[in-house]
Amino acid sequence: MPDRKRKQKPKVSIIGSGRLGTALAVALAGRGYSIGSLVARRAQKARQAASLLDAEVQVLAAKQLRSLSPADVFLITVPDDQIAGVAGALSSLSFTATALHTSGALSAEVLAPLRERGWHIGSVHPLMAVSDAREGDGALRGGYWSVEGDKTTLRLAKTIVSDLSGKSFSIRSEDKPLYHAAAVMAAGNVVALFDVALEMLVQCGLTRKTARSVLLPLIASTIHNLETKDPAQALTGTFARGDVETVKRHLAALKNKDLADALKLYRLLGERSLKLTKKHPQITQILKSV
Ligand SMILES: NC(=O)c1ccc[n+]([C@@H]2O[C@H](COP(=O)([O-])OP(=O)(O)OC[C@H]3O[C@@H](n4cnc5c(N)ncnc54)[C@H](OP(=O)(O)O)[C@@H]3O)[C@@H](O)[C@H]2O)c1
């Protein structure tokens, strides 16, 4: 396509150059977006993020927000509790733009002070876990993003998402806390559950490192099953088979080793597994009697 026909990408500035903010800066720069400013609580953190980019960017600490240069889009990637404060600070600037926050739990309404000043507001939330910002593009590629905002903002948000090789969808704004709790279930809580399984294998004499190695292919095969099957069909193991005596052995072993968290989780999730199978009421009784 001739250059003059190629649509110019908006200039994007990032307020909050932590894990997600930096990954977004790197990913967007790689997709031809110009990055205007990077802001962090501490300027040094923003400078670190800027060092990952090829181009010159304005680097600011949070308390210097008054010096922020204009841009087309401001991505607000600060911790959830800081978003309202950042919106308040941006609303005192002399220009208007589009502001998108990246919280999964908060609706775009937290940016209302900006809308009152003539800004377009919305949110874009990647259903991806970014723990290392330097992965940039790689950490976000292929993920689903929930997008929210007025018509113009939604169009822009969807373009950004598709430029990052993501897919957009929308939910009702009032459902965001529940939606985000579901994301925590499928990401952070899975990590916590993995940690419980590690603790159990350490009790069997394995090191944490070996325990991780032996469990990861098991998790990978479970995820593979979930890719093609509904949970009821993907479920394997003791509860799917209805091995009554094995459940009794598991419970006795957990009690014996005083693994209180593991015992609670085993019972709770075991009951959920049995609901999925719609069979083996005898095991439900055993779990309830512990
Ligand atoms: N990480 C993920 O996987 C992920 C995924 C989806 C959505 N999100 C959302 O993205 C947002 C950021 O999450 P994160 O995990 O990237 O957090 P993070 O790694 O803790 O980064 C937050 C960044 O915001 C900066 N900051 C804090 N207060 C500020 C302020 N008042 N003004 C300007 N900058 C400020 C921090 O500066 P310092 O470094 O100097 O402290 C830090 O660079 C949250 O809303 C989160 O829900 C994150």
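Which polar backbone atom lies 3.4 Å from an oxygen atom of the ligand? The atom belongs to M128; the pair falls under the polar contact rule (N or O atoms within 3.5 Å). The model is predicted, with local features needing pLDDT of at least 70 and side-chain atom pairs pLDDT 80 or more, while totals for chains, interfaces and linings use all residues. Residues are numbered from 1 along each chain as its sequence is written, and side-chain values use heavy atoms, without hydrogens and water.

**Ligand contacts**
- A backbone N or O atom of R19 is 2.9 Å from an oxygen atom of the ligand, and one of V78 is 3.2 Å from a ligand oxygen.
- The protein covers 84% of the 900 Å² of accessible area that the ligand has on its own (Shrake-Rupley method, 1.4 Å probe).

**Ligand shell**
- Around the ligand there are 25 residues, of which L20, R42, K45, D80 and V130 come nearest (near: a heavy atom within 4 Å).
- By class, the shell comprises 12 nonpolar, 8 polar and 5 charged residues, with Gly counted as polar.

**Aromatic pairs**
- The count comes to 6 aromatic pairs (ring centres of Phe, Tyr and Trp, the last by its six-membered ring, within 6.5 Å; planes under 30 degrees apart are stacked, over 60 edge-to-face, the rest tilted).
- One of them, F74 with F95, is stacked at 5.8 Å centre to centre and 20° between the planes.
- F74 lies in strand β4 (residues 73-76) and F95 in the loop between α3 (83-90) and β5 (98-101), so the pair ties together parts 21 residues apart in sequence (DSSP runs: helices H or I, at least four residues; strands E, at least two).

Notes:
Polar contact = N/O pair within 3.5 Å; in protein donor to acceptor, adjacent residues only side chain to side chain.
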